[in-house]
Amino acid sequence: MYFHSVTLDRDRCKGCTNCIKRCPTEAIRVRDGKAKIIKEKCIDCGECVRVCPYHAKVVVTDDIGMMENYKYKIALPAPSLYGQFKDMTIGDILTSLQSCGFDEVFEVAYAADIVSYITRNIVKTKDYKRPIISSACPAIVRLIQQRFPSLMDNILDIMPPVEVAGKIARDEAKKKTGLKDEEIGVFFVSPCAAKVTSVKNPIGIEKSYINGVFSMRDVYSMILDKRKFVEKKIDHTSSMIGVGWANAGGESYGTSLENCLFVDGIQNVIGVLEDIELGKLDDIDFFEGLACVGGCVGGPLTVANNFVARNRIMKLKEKLNKDEATKKYIEVDFNEFMLNVKLKKSDVLNLDEDIDKAIDMMNSIDEIYKSLPGLDCGSCGSPGCRALAEDIVKGFASEYDCIFKLKDRIKILAEEINKLSIKIPPVIGSDKEVKP
Amino acid sequence: MKPYTMDFDVKARDFSSAGESSSKFRKTLLMLSIPSDIVRRASIAAYEAEMNIVIHSYGGKMHFEIYSDKIVIIAEDTGPGIKDLELAMKEGYSTAPKEVIEMGFGAGMGLPNMKRNADTMEIVNHDESGTKIVMTINF
């Protein structure tokens with residue numbers, strides 16, 4: 001079964017309609033006083049997590065205690081972790097993180113350096129459809145599968161940095177320790193829900209190299225606790241390019257391609273993907289779309305304000321070299337890091353696989369939609385009148401879920417009742433003539 | 001079989017809402033299980049036709065008919081028509097006003113793009129009373 005990281009805390013949910021209206025894929029309905037996530041439609045972007053005033057949308061991550069099931073434990077910090085702390089160098093953060101019970105820390109930023117290096121080289125040799133679309137943000141890849149299937153061929157077929165990091169760290173640890181694969185635990189420290197989901201349901205690869213995903217929030221407080229006691233310093237291996245991936249535009253910068261476009265915030269990304277599909281942006285070489293505002297530093301599992309974090313990342317980058325990191329991997333065979341499972345289009349938007357049936361349904365939706373008030377108030381539990389009409393035709397809702405329709409119907413019935421109530425039976429009051 | 005139809009008014013020179021009808025049309029095609037390459041081609045053909053109305057006409061209409069085996073797109077406007085059809089079909093030939101070109105529109109690819117993406121394209125009318133173009137895409 002498909003695993004979703006974004007889930008509902010039923011006790012906290014008040015059944016308000018904030019989330020249903022903000023969900024970019026219309027994947028939430030309110031039923032029986034609680035929000036209900038439609039699993040097939042959810043892309044784990046985390047918008048609802050941010051917008052819920054009652055914090056009823058929770059991102060399910062792995063329990064840190066799961067580390068104990070492994071003999072050798074490796075932490076993979078996302079580059080965005082470096083933007084979370086005030087006055088801490090990357091070395092400080094990595095050292096504190098390792099002291100949280102890990103045997104080793106392997107930077108995802110370092111893997112991002114490698115991905116940038118591969119990208120720079122592969123775009124020269126392979127004939128990609130333009131614009132090449134980044135595969136780094138899993139929420140965007142899922143969005144494309146659902147709403148822009150014709151753009152699936154434009155997606156860059158390189159593994160995202162987190163999987164590259166997982167693979168290298170795992171392989172090196174096996175060599176170094178002689179332990180078996182299942183004795184090595186690789187844990188990603190994630191800024192977002194989409195990455196949690198993509199580890200459980202890999203995109204473009206058979207199986208993830210990661211064993212567990214920890215929330216950046218959980219790890220944040222652990223690092224702060226350890227901070228004072230840190231002695232031995234681990235130095236970072238990543239360059240400014242890899243660290244730059246934390247911010248929107250970082251991946252684009254790393255491609256060295258001339259004409260890149262990066263867009264953050266899921267609604268903005270949807271708009272630009274429409275333009276790409278229309279062929280309006282054929283002059284763009286590379287498109288980096290990120291669901292969160294600011295990029296990964298804006299992820300729903302981060303702690304620091306995304307603008308502050310972005311600024312910190314920029315400051316940290318200034319102190320780093322540009323191309324130090326990948327020297328070791330220049331001889332590596334790229335094929336090891338390529339996606340090898342073809343992406344499938346999602347059919348979740350289809351009303352019916354039979355086009356004639358779908359056309360019939362669409363005509364009924366229009367008919368019902370015309371009779372609705374058009375307020376998009378959400379009181380029916382669907383994100384808007386159009387969505388309610390769809391839900392009715394699909395059989396998930398009724399016309400009288402609309403409170404305005406219900407009120408109108410009650411009014412008609414009340415008038416009818418009123419009319420009946422003033423009618424006097426002939427036995428009591430009618431002086432009507434009686435004809436033979 | 002009754003087709004699914006959609007109708008939109010398109011305003012002249014209204015660049016802020018230009019492309020809206022094509023965008024709604026595109027989303028509808030996805031819901032109707034139309035194959036993704038057809039969705040792309042139909043969206044491009046519709047968008048270019050809509051933009052032509054925005055750029056060149058005094059206003060017009062977009063009409064869409066979706067059947068189980070084909071899509072018909074009709075773009076109709078009142079306006080100056082197309083004076084030299086042969087030239088207009090040439091890539092890069094544009095009669096768009098300077099200020100429109102400065103906005104990044106009117107690159108002279110409209111009609112050629114429509115022709116490339118539609119299976120048939122018939123220019124029913126292109127005199128001073130206006131332009132009417134009928135496109136079909138089969139699948």
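# Close-up views of a predicted two-chain model

**View 1. The interface between chain A and chain B.** About 2,300 Å² of area is buried between chain A and chain B, and carbon and sulfur atoms give 60% of it. The model shown here and in the following views is predicted. At this interface, 26 residues of chain A are in contact with 23 residues of chain B. One salt bridge is found across the interface of the two chains. Its partners are Glu277(A) and Arg26(B), whose closest N and O atoms are 2.3 Å apart.

**View 2. Chain A as a whole.** The secondary structure of chain A consists of 15 helices and eleven strands. Taken along the principal axes, the box filled by the C-alpha atoms of chain A is roughly 110 × 50 × 40 Å. Chain A has 436 residues, of which 55% count as buried. Among contacts in chain A with a separation of 6 or more, 78% are made by residues 24 or more positions apart.

**View 3. The strands paired with β11(A).** Strands of a sheet pair through backbone hydrogen bonds, either parallel or antiparallel. Strand β7 of chain A, residues 132-133, runs parallel to β11(A) and is joined to it by two bridges. In this pairing, Ile133(A) stands opposite Phe287(A). Strand β10 of chain A, residues 260-264, also runs parallel to β11(A), and five bridges join these two strands. Gly289(A) in β11(A) is the bridge partner of Val263(A). Between β10(A) and β11(A) the chain passes through helix α11 of chain A, residues 266-277, in a right-handed β-α-β crossover.

**View 4. An open four-stranded sheet in chain A.** The strands of this sheet follow the order β6-β5-β8-β9, with parallel pairing. Which strands stand at the edges? They are β6 (104-105) and β9 (212-215) of chain A; each has a single partner strand, so one side of each is left without a neighbour in the sheet. The partner of β6(A) is β5(A), residues 72-77, and two bridges join these parallel strands. Within this pair, Ile74(A) stands opposite Glu104(A) of β6(A).

View 5. A disulfide is a covalent bond between the sulfur atoms of two cysteines. A search of the whole structure finds zero disulfides over all chains. Cys19(A) is in no disulfide, and the nearest cysteine sulfur, that of Cys16(A), is 6.1 Å away. The relative accessibility of Cys19(A) is 5%, and this residue therefore counts as buried. Cys260(A) is likewise in no disulfide; for this residue the nearest cysteine sulfur belongs to Cys296(A), 16 Å away. With a relative accessible area of 23%, Cys260(A) is partly exposed.

Conventions:
Residues are numbered from 1 along each chain as its sequence is written. Chains are lettered from A and ligands numbered from 1 in the order in which they are written. This is a predicted model: local features need pLDDT of at least 70, side-chain atom pairs count only at pLDDT 80 or more; totals for chains, interfaces and linings use all residues. Side-chain values use heavy atoms; hydrogens and water are left out. Two strands pair if DSSP finds at least two bridges between them. A crossover is right-handed if, with the strands pointing away from the viewer, the path from the first strand over the helix to the second runs clockwise. A disulfide is a pair of cysteine sulfur atoms within 2.5 Å. Buried means under 20% relative accessible area, exposed over 50%, partly exposed in between (1.4 Å probe, protein chains only). Contact means heavy atoms within 4.5 Å. Buried area is the accessible area (1.4 Å probe) that two parts lose on being put together, summed over both. A salt bridge is a side-chain nitrogen of Lys or Arg within 4 Å of a carboxyl oxygen of Asp or Glu.
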